[in-house]
Amino acid sequence: MNFLQLNDNQLIKQANLIDGQWLTSNNSITVYNPATTQALGEIPLIDEQNVENTIHAALKSFNSYSKSTSYEKSLWLLKWYDLVLAHADDLAKILTQEQGKPLAEAKAEIQYAASFIQWFAEQIKSDHGLTLAEPVAGKSFATHKHPVGVAALITPWNFPAAMITRKAAAALAAGCTIIIKPSELTPFTAIALVELAQRAGFPDGAINLITGDAAMIGDKLCQDVRVKKLSFTGSTRVGQQLFQQSANNIKRLSLELGGNAPFIIFDDANLDQAISALIQSKFRNNGQTCVAANRIYVDIKLKQQLVPMLIERLKQLTCGNGLTEDVDLGPMINSSAVSKVATLVTDALAKGAQCVYQADIKHLGPHYYPATLLTEVNMQMAIANSEIFGPVLAIQWFSHEAEVISLANNTDAGLAAYFFSDNIHRCQRVANALDFGMVGINSGMVSHAISPFGGIKYSGIGREGGHTGLAEYQYIKAHCFGHLS
Ligand code: SIN
C-alpha cells in the first residue's frame, strides 16, 4: 500500500477536500522536510471564495449529518479508527518527513491519534441527557444534547495527527460537520487522515479540509456566523486574536494555548524515576510540546547528585533525521524555532546561568539545536518566563515547599505541572496547591484520551478528550413539561 507516500504525484493528494471533492488551486504553498530542508510537495493556497464554498458545504451537510443516529456516527468513527491503524506505518512516515519527530515517536502519535477516534466512537453511544425530579407540582424537566453546528478546527504543527483527531472525532461524534485547517507546515498528515475518513464513509461535506493563508482563513472562519464553534490549538497570541475575531457572533470556543510547565523534584523523590520522567517530558518531540517540562525546580540538597545523573542521560540521546534508526531527537520545525531557543540560551548565559552540558551536533544542518543543560537559572532570565519549545533543560534550585509552589504558580500560563515526591501527604497538598489544568504526580506524562486535556489562565478555555470532550461540541436544551391535569 503506497497511496500515502510523499513525492508520488499519482498517489499523494496535494489538495483541499471541499464537499467531498479534492480541489487544487492555481496558487500553492511549498511544504519542506525540516530534517533535510528539501521540498516535500505543494498544498493549495485557498482563496476567500473557496473558504466561503467550504462553509456553505459544511452547513448543507450538517442538516443531514446531524440527524444520523449515534450508532451510525460511531460506526463511521470505528471504521476510520481501523483504517488509521491499518495505515499507521505510512502515516508515521509522512508525519516524520514533514514534522521531523523520530519515526518511533511518530508511530506513537498515530496510536495516540487513533485512541481519540476510538474513545469518542464509544462515548457517543452512552452519552445522555438528564431527567430531573419534579421540583414543583405539575412540572418536570429533562435535558437533551444537540450538536452546535459547523465546527472549525485549527490545528498546530507539533502534533499533526493527534491534535486533529482529538478535535475531529469529538465534533463528528457530537453530530457537527467540520472544517479542518491544519498548519501549512504539516498538512500532509492531515490530508492523509482525511482521505482515510472519506474511505470510512462519512457523507460528503461532513469533513472538509482547507489550507492556505492562516490569517485570512482564521478571520473568515471566526467572522462567519454560520460557523458555530472554533477549536484552536496554538499560541496564546493567536488564540487571543481568534477570540476577538469571534466575539461579534458569540461563537463557542475551545482554546488550547501555550504552557510554561513547572517540573518540581522534592528531596524525598525517587530520583531515578524523576529523571526518567523529566527526560521524557522535556524531550518528547524535541521539547516542542505545550506540556513540556519548562521551568525545572530541584531541591538544592539534590544538586550534587542530580547534575551528573542528568548529564549521563543526556549523553545517551542521539540527534538526527527522524527516519534514521535509533534517533531520539529530530530537528526543530524551522530556523526561526532554532533562533528563538538560541536567543533564550544566550540571554540566560549572559545573566549568570551555567551551561553544564551541550550535545555536539555540528554537521546535522540548520534546523537542529543541541540538547542543552543549564543550571543556576533564575526568574530574571527570559528562559524562566517563556515557553522554551526546544531541547533545553533550565534548572532552578529551591529550599522550601512553600517557596517552590509560589515560584511554580507565578506565571500567566496554567496548562500542565509536574512534581515528584514519595510523601503521600505532600503529594496531596502540592497537587491541590498548583494552579494548572493538569498535574502529573510522580508522572511526566499527563496526556491520555480518557483524561480532560486543557488549561486555565492564558493557557486557554475548554477541555479536549475525556468525559467532557463531547460537550465542547454540544449545547444543552432543557425541556420543561407542564403536566395537564
Ligand atoms: C500539545 O503539546 O499541544 C499537545 C500534547 C499532548 O497532547 O500530549
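Trainee: Where does the ligand sit?
Mentor: The ligand sits in the largest cavity. A cavity here is a set of points on a 1 Å grid over the protein atoms alone where a 1.4 Å probe fits but cannot get out, and sitting in it takes more than half of the molecule's atoms within 2 Å of its grid points. Mind that this is a predicted model, where local features need pLDDT of at least 70, side-chain atom pairs count only at pLDDT 80 or more, and totals for chains, interfaces and linings use all residues. Residues are numbered from 1 along each chain as its sequence is written, and side-chain values use heavy atoms, with hydrogens and water left out.

Trainee: Which backbone does an oxygen atom of the ligand get to?
Mentor: That of Cys 290, with a polar backbone atom 2.7 Å from a ligand oxygen. The protein buries 100% of the 260 Å² that the ligand exposes when taken alone (Shrake-Rupley method, 1.4 Å probe).

Trainee: And side chains?
Mentor: For Arg 284, a side-chain N or O atom is 2.9 Å from an oxygen of the ligand. For Glu 256 that distance is 3.5 Å.

Trainee: New topic: how is the protein chain divided?
Mentor: Into domain 1 (12-258 + 459-478) and domain 2 (261-410 + 416-448), with bounds from an automatic or database domain assignment.

Trainee: Why does the ligand lie between them?
Mentor: Because domain 1 and domain 2 both give residues to the shell around the ligand.

Trainee: How far apart are the C-alpha centres?
Mentor: They lie 31 Å apart.

How values were computed
Polar contact = N/O pair within 3.5 Å; in protein donor to acceptor, adjacent residues only side chain to side chain. 1 Å grid on protein atoms, 1.4 Å probe; cavity = no way out; pocket = protein on both sides within 12 Å on 5 of 7 lines; lining within 4 Å.
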